[in-house]
Amino acid sequence: MHPTEKAVVPTRVIGLISGTSVDGIDAALVEISGTELDLKVELVAGATYPYPAKLRERILAVGAGVAISMAELAEIDDAIAQVFAQAAQNIQIGHQPATLIGSHGQTVYHRPPADRGIGKKSTANSPLGYSLQLGRGALIAHLTNIATVSNFRVADIAIGGHGAPLVPRVDAYLLSHPQEGRCIQNIGGISNVAYIPPRYGDWLSKIRGWDTGPGNSLLDLAVEHLSGGAKTYDEDGNWAASGTPCHQLVEQWLNQDYFHLPPPKSTGRELFGVTYLHQCLKDAQAYQLNSADVLATLTELTAASIFHSYRTFLPEMPQRVLLCGGGSRNLYLKQRLQLLLRSIPVSTTDEVGLSADFKEAIAFAVLAYWRHLGIPGNLPTATGAPQEVLLGEIHQGQF
Ligand SMILES: Nc1ncnc2c1ncn2[C@@H]1O[C@H](COP(=O)(O)OP(=O)(O)O)[C@@H](O)[C@H]1O
Ligand SMILES: [Mg+2]
């Protein structure tokens with residue numbers, strides 16, 4: 001990069017992320033202006049690029065705890081970087097090119113700080129958390145020739161935070177309201193909330209955020225299991241909608257430690273994954289539920305854990321809930337959540353002008369932009385870190 005270019009604020013940024021669902025790489029090409037209170041983001045293009053099937057299988061296996069060699073790890077790391085770089089190339093086609101990429105990468109392992117989030121005693125010697133995102137930024141920068149920020153979680157974790165959730169600070173500046181307290185609920189594989197109080201006084205210090213528990217992770221696994229591999233997700237929640245939730249079972253599942261652990265807290269497929277689903281299916285046998293009932297009950301668990309989480313841990317209930325992530329397209333889940341929240345309206349971030357499908361990718365574009373400008377990206381009240389830090393490592397595009 002030419003020395004004089006360093007001072008130029010990049011305005012066209014690409015955000016890349018693949019979440020715990022491992023459904024594909026979400027890419028958002030955005031135009032960013034302002035910094036914090038005046039932050040403005042316009043989505044120029046957004047697309048999801050599915051993983052090649054073999055790579056997805058390998059990622060899911062690693063995420064489920066299958067042991068692999070360092071050589072295999074290196075191979076997967078670079079295979080992911082390549083598809084992320086390709087996603088960045090594709091999203092720019094027909095548009096003015098970007099000058100910066102923020103790549104979250106693919107989480108394959110997430111361990112919260114000791115005893116803070118997995119619901120059982122950590123066996124690790126270190127009290128710190130650990131979170132591993134693959135798809136190394138240096139390779140993305142090299143392949144795209146665009147400066148790339150990656151490894152967003154490590155700095156927050158190194159000082160004692162969870163390194164998650166990282167989106168609440170972005171939500172605060174893009175989705176806060178002068179009079180209205182809002183919950184921004186992202187329903188990915190895992191679900192996480194950002195509570196944004198009305199924007200006045202010391203509102204920033206009152207923001208809260210944490211992982212509420214499962215989102216689509218158990219649903220996707222159950223659909224695959226119950227359909228004998230024919231389906232990967234419950235489109236619009238139609239299958240679950242044809243069943244009836246078993247509330248006794250939901251009550252039983254809500255006794256699980258994680259749901260009672262006060263925030264800050266974070267979790268992953270390590271807890272809400274295959275083993276967890278098998279236990280749920282075993283529990284369901286006692287009630288002789290059919291497939292649709294099982295799905296309806298698991299969907300109810302996602303909705304009820306979100307609601308329970310608000311009631312237990314929020315200083316006050318929000319006046320509006322805005323959903324985003326793939327789970328916001330599950331109409332049955334949305335309807336169940338609305339039923340539990342009664343008069344509190346549940347809609348999606350689309351309705352306030354921010355794409356529900358690409359909000360997470362947009363957030364990593366903003367975090368990269370903040371990193372470039374030297375603005376911290378974490379919120380200590382959400383991650384549990386003792387202070388604000390710059391998030392991400394910058395890899396220059398030209399060597
Ligand atoms: N139309 C839909 N109906 C129901 N669920 C959907 C729909 N579209 C997406 N999803 C769910 O959303 C998931 C992907 O959501 P996403 O926000 O990308 O999660 P992650 O961040 O974990 O990758 C899919 O695996 C699927 O379960
Ligand atoms: Mg996804």
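At what angle do helix α6 and helix α10 pack, and how far apart are their axes?

Modeller: Quick housekeeping. This is a predicted model, so local features need pLDDT of at least 70 and side-chain atom pairs count only at pLDDT 80 or more, while totals for chains, interfaces and linings use all residues. Residues are numbered from 1 along each chain as its sequence is written, with chains lettered from A and ligands numbered from 1 in the order in which they are written.

Now your pair. Helix α6 covers residues 217-226, helix α10 covers residues 274-285, and the two pack at about 70 degrees with axes 10 Å apart. (Helices are DSSP H or I runs of at least four residues and strands are E runs of at least two, numbered from the N terminus; axes are fitted to C-alpha atoms, for helices over the stretch in contact, with angles from 0 to 180 degrees between N-to-C directions.) That angle is why α6 and α10 count as roughly perpendicular (65 to 115 degrees; under 35 is roughly parallel, over 145 roughly antiparallel, the rest oblique). On the α6 side, Leu 218, Leu 221 and Ala 222 do the touching, and they meet Val 274, Tyr 276, Leu 277 and Cys 280 of α10 (contact: C-beta atoms, placed from the backbone, within 7 Å). By class, that contact has seven nonpolar residues and no polar or charged ones (nonpolar: Ala, Val, Leu, Ile, Met, Phe, Trp, Tyr, Cys, Pro; charged: Asp, Glu, Lys, Arg; polar: the others, Gly among them).

Zooming out, the protein is split into domain 1 (3-164 + 358-395) and domain 2 (168-352), with bounds from an automatic or database domain assignment.

Ligand 1 draws on both domains: at least three residues of its shell come from each of domain 1 and domain 2. There are 21 residues around ligand 1, the closest being Gly 19, Ser 21, Gly 188, Gly 189 and Gly 326 (near: C-beta, placed from the backbone, within 6 Å). The shell has two nonpolar, twelve polar and seven charged residues.

Last, some backbone spots to check. In the loop between α9 (257-260) and your α10 sits Pro 264, and the peptide bond from Pro 263 to Pro 264 is cis, with omega near 0 degrees. A cis bond also joins Ala 164 to Pro 165, at an omega of about -15 degrees; Pro 165 is in the loop between α4 (154-158) and α5 (168-175). Val 22, in the loop between β1 (12-18) and β2 (25-33), has a positive phi of about 55 degrees despite not being a glycine.

Methods. Two residues are in contact if their C-beta atoms, placed from the backbone, lie within 7 Å.
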